[in-house]
Amino acid sequence: MKHKTLRCAAETAALLLTVAMLTFLIAGLHQHEPDRELSTLDTGWYQLTNGVRREITLPVTLPAEPGQTLTLYNDTLTARDAGKLLSARGVEYGIEIRAGETLLYRYEDNAFPKNTQMKGRLWADAELPDNIGGQTLSLTFTQLSDRTDRFDAPLLGSVRSITGHHIQTSLFSLVMMLAMVILAVLALLIFCYMSSCGIHERRFLDVAVFLLLCSLWCLTDSALYQIYGRDTAAGSVVSFYAFMLMSIPMVHFVRNTISGRRQLVPDICIALFCANALAQGAAYRLFGIRFIDMLPLTHLLLTAGVAAMLIVLLRSYREQPSQQLRLHIAAFAALGVFGVAALVLYGLLHIYWYDAIFQFGVLLFIILLFRELLGQATEDMRFHMEHRISIRCSVRIV
């Protein structure tokens with residue numbers, strides 16, 4: 001029957017999405033042979049303390065004091081390393097890379113300063129000069145802030161191999177972004193198809209807009225974009241606005257699910273999210289207050305918004321229990337748990353892969369919502385087709 005078209009299309013798209021994600025992961029993780037152009041420069045390092053040379057093997061954890069400058073040296077590079085790319089961690093420590101007295105890399109904030117968490121996800125890439133043979137390579141860290149800091153071994157290789165390594169380390173986020181875009185297109189197609197049949201299920205449109213905003217945030221917030229993007233300052237501004245506004249479609253989703261006076265709560269949340277974006281934009285433009293300094297306010301509003309939606313859904317479920325509301329509650333509960341976990345990793349533990357936790361939570365959130373939406377859409381299509389058939393039969397009888 002025609003009402004089965006929607007379910008078949010959705011199942012086919014889900015299967016293709018799964019195959020694409022698995023293929024992408026396998027292609028990135030599987031290596032036919034080791035990359036001979038990429039090596040880890042973990043030996044040959046030393047530190048000079050009061051004129052005394054101390055040999056060091058990276059990675060290593062060294063004592064440090066706030067405001068202290070720490071320098072690691074390496075004399076093992078040869079003429080064969082000329083033109084290679086050295087890729088090191090430590091941007092959050094104010095890393096400087098030198099060959100002899102020549103400065104090869106120093107991180108400088110652009111028009112949009114980054115916080116420690118964002119810097120910790122970046123790589124410091126420096127091209128070695130032609131006369132690197134016989135020179136001393138040095139890594140200097142100028143912004144130490146803890147009693148002990150961990151210093152990882154830099155990578156050494158061709159531009160192609162270093163770029164490939166950066167892409168591979170970001171593979172999970174790339175897969176999540178791909179999944180979000182595919183699901184957004186699927187939701188938009190379903191919305192258009194149902195609208196053409198006279199069924200206006202706006203929640204599919206809410207899901208599509210949410211996923212597009214979320215994927216835009218994931219892209220502009222990613223380390224790959226911050227390293228290779230053309231205008232990272234503008235991209236960072238877009239990232240913050242996308243993060244502040246991407247919850248609005250899902251709050252609107254809840255509004256389209258419930259009825260009566262409880263719709264006032266989503267309306268208030270939407271107004272607060274819009275006011276937050278406008279206020280932060282005005283503060284940034286007029287007073288120069290950085291978005292990263294106002295980020296805790298956005299985190300607080302997002303947490304409160306998820307909690308408010310859960311309370312509204314729970315009260316609606318108590319009044320009129322249904323499978324639909326139960327899945328919605330599970331979806332928002334999962335989003336809340338992964339969101340809080342990401343905030344703990346981000347704000348308290350300063351762990352830099354917090355974004356992967358949040359992205360996985362978003363994907364689980366959407367999958368749970370899609371399960372209910374597709375079932376509801378199939379029933380609506382079936383009812384619509386049966387109604388049309390009954391009308392045609394009554395017209396023929398008359």
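This is a predicted model: local features need pLDDT of at least 70, side-chain atom pairs count only at pLDDT 80 or more; totals for chains, interfaces and linings use all residues.
Helix α7 covers residues 232-245 and helix α10 covers residues 291-319; their axes come within 10 Å and cross at roughly 20°. Since angles under 35 degrees count as roughly parallel, α7 is therefore roughly parallel to α10. On the α7 side, the contact with α10 is made by Val237, Phe240, Tyr241, Phe243 and Met244. The partners contributed by α10 are Phe291, Ile292, Leu295, Thr298, His299 and Leu302. Sorted by class, the residues of this contact are nine nonpolar and two polar, with no charged residue.

The secondary structure comprises twelve helices and twelve strands. Of the 398 residues in the protein, 45% are buried. Contacts across the sequence can be described too: among those between residues at least 6 apart, 77% join residues at least 24 apart.

With 14 residues at 1.5 Å a residue, α7 should span 20 Å, and its end C-alpha atoms do lie 20 Å apart, so the two values agree. This helix is mostly covered, with ten of its 14 residues buried. The buried set begins with Thr232, Ala233, Gly235, Ser236 and Val237, and continues with Ser239, Phe240, Ala242, Phe243 and Met244. Four helices pack against these buried residues: α5 (202-221), α6 (223-228), α9 (264-287) and α10. Val237, Phe240, Phe243 and Met244, for example, are among the buried residues of α7 and also take part in its contact with α10.

The packing of α7 against α5 can be described in the same terms. Two packed helices are described by the angle between their axes and the distance between the axes. For α5 and α7, the angle is about 145° and the axes are 8 Å apart. From α5, the contact draws on Leu213, Leu216, Trp217, Thr220 and Asp221. From α7, it draws on Gly235, Val238, Ser239, Ala242, Phe243 and Leu245. By class, the contact of α5 with α7 has seven nonpolar residues, three polar residues and one charged residue.

How values were computed. Residues are numbered from 1 along each chain as its sequence is written. Side-chain values use heavy atoms; hydrogens and water are left out. Axes are lines fitted to C-alpha atoms, for helices over the stretch in contact, and angles run from 0 to 180 degrees between N-to-C directions. Helices (H or I, at least four residues) and strands (E, at least two) are DSSP runs, numbered from the N terminus. Angles under 35 degrees count as roughly parallel, over 145 as roughly antiparallel, 65 to 115 as roughly perpendicular and the rest as oblique. Contact means heavy atoms within 4.5 Å. Ala, Val, Leu, Ile, Met, Phe, Trp, Tyr, Cys and Pro count as nonpolar, Asp, Glu, Lys and Arg as charged, and the others, Gly among them, as polar. The expected span of a helix is 1.5 Å times one less than its number of residues. Buried means under 20% relative accessible area, exposed over 50%, partly exposed in between (1.4 Å probe, protein chains only).
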